Amino acid sequence: MKALNFYLLYMAFLGSYNKLNVLGLIISPNNNNNNNNDNGNNNNNNKNINDYKSTSDTQINAGDGYHQESSESLLKTEMKKYDEQNPQKESSQEFSKRDPVGGLERALETIRLNKTPLPPWLKTITGLNDWPGLEPPYIPLDFIDFSKIPQIEQYGPSQCTIVPRDSCSFDCYKCVEPDDVYTCHKLSQTFDDGPSDSTEELLKHLGDTKSTFFNLGINIVSHPNVYKKIIEQGHLIGTHTWSHPFLPSLTNEQIIAQIEWSIWAMNATGNHIPKWFRPPYGGIDNRVRSITRQFGLQAVLWDHDTFDWELLNGNSQRTENAIFEDVKKWKADSASKGGLILEHDGASKTVEVGKKVFDIVGKDQLTVAKCIGGIDYIRKYSDLEKKL
Ligand SMILES: [Zn+2]
């Protein structure tokens, strides 16, 4: 039923997302090489960037609503900042009334000015001059061996009936592989979909407790200062892809593009390469795993879902109290079972819930790496190395 919920939510938000994208609210590429809609060959490793098949709107769904709220509040913050810095100019609000699109565009400029710059090494690797939009282009990488990727049919979030059991789909069958992490010996929170402007509230509340954040590349480069703050406070950061698609619905090249751009966002903003990966919507099967493993990533799932994202859906039956009651039960069980809790820091509402969940769970929590005694990052670069 969860997959169905995702799908319905995705349908509800699709309109908003298309609108946001048209307005360029999510960073638009200056140099977009991914518009070549050729065939949909699933396992062809001979394509170059110009052959990349663009995903359709229905595949890039990012449909859990967090990005919409966070982008809107980000916009308001940025408009306010712009007005403070430019008192001589007509206020953004007035400007927007006169010319809504022009007003938004002006505020968006300030967001773009604050983003992580595309470093020279990445320009060399990709041949691009700016970060991509929702559909990142596939850049071939030497170390990816396509012959290791199993031939498993692509499927959408509501298509579990066509998914074979032996593909070990987590979203369809809750199937996990031996190298997947899905629980912890101490009950611990994890947060997906940030960084957003709401994340800072959560960071303050967590105090000295270290948590795990699975960030979207597109949000990392548009909120570099929040990202750096998460690192400064000693939290662990993993990748949650570049722009939140349901990965099993994508081609191999599109999955690679989602992962490579998210890693580059982390490297360019935080000087490190992630070890941990959480698939959006829990969408992972052995085809996705075979790709993410080649990046050295280890998949992190969960065994306790707050369904906090449902609070953002006006028609949902989920309430904050129901979430807190669930967490209290998990807490009561945690001495024997522990657990990993799925939450989100992409919107103020889910951050508020996250703070209260923290009060219930308590300070004694672990990062995912600590849960299994693993490393935090595959590699950390010093500032000196970065300059070379
Ligand atoms: Zn997510």
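Colleague: What makes the contact between K328 and E325 a salt bridge?

Modeller: A salt bridge is a side-chain nitrogen of Lys or Arg within 4 Å of a carboxyl oxygen of Asp or Glu, and the closest N and O atoms of K328 and E325 are 3.4 Å apart, so the pair meets that definition. This is a predicted model, in which local features need pLDDT of at least 70 and side-chain atom pairs count only at pLDDT 80 or more, while totals for chains, interfaces and linings use all residues. Residues are numbered from 1 along each chain as its sequence is written, and side-chain values use heavy atoms, with hydrogens and water left out.

Colleague: Where do K328 and E325 lie?

Modeller: Both belong to helix α12, three residues apart, about one turn of the helix; helices (H or I, at least four residues) and strands (E, at least two) are DSSP runs, numbered from the N terminus.

Colleague: Why is K328 called partly exposed?

Modeller: Buried means under 20% relative accessible area, exposed over 50%, and partly exposed in between (1.4 Å probe, protein chains only); K328 has 43% relative accessibility and therefore counts as partly exposed, and E325, at 42%, counts as partly exposed too.

Colleague: How do you know that the span of helix α12 agrees with its number of residues?

Modeller: The expected span is 1.5 Å times one less than the number of residues, so the 18 residues of α12 (residues 320-337) should span 26 Å, and the end C-alpha atoms are 24 Å apart, which agrees.

Colleague: Which residues coordinate the zinc ion?

Modeller: The zinc ion is coordinated by D193 (OD), H240 (NE2) and H244 (NE2), at 2.0 to 2.1 Å, where donors are N, O and S atoms within 2.8 Å of the metal (3.2 Å for Na, K and Ca), and water is not among the atoms, so sites may look incomplete. Along the chain, these donors follow the spacing D-x46-H-x3-H.

Colleague: Is D193 buried or exposed?

Modeller: With a relative accessible area of 0%, D193 is buried, and H244, at 1% relative accessibility, counts as buried as well.

Colleague: What makes D192 and R278 a link between parts of the chain?

Modeller: These residues form a salt bridge, with their closest N and O atoms 2.9 Å apart. D192 lies in strand β1 and R278 in the loop between β5 (276-277) and α11 (286-294), so the pair ties together parts that are 86 residues apart in sequence. Both D192 and R278 are buried.
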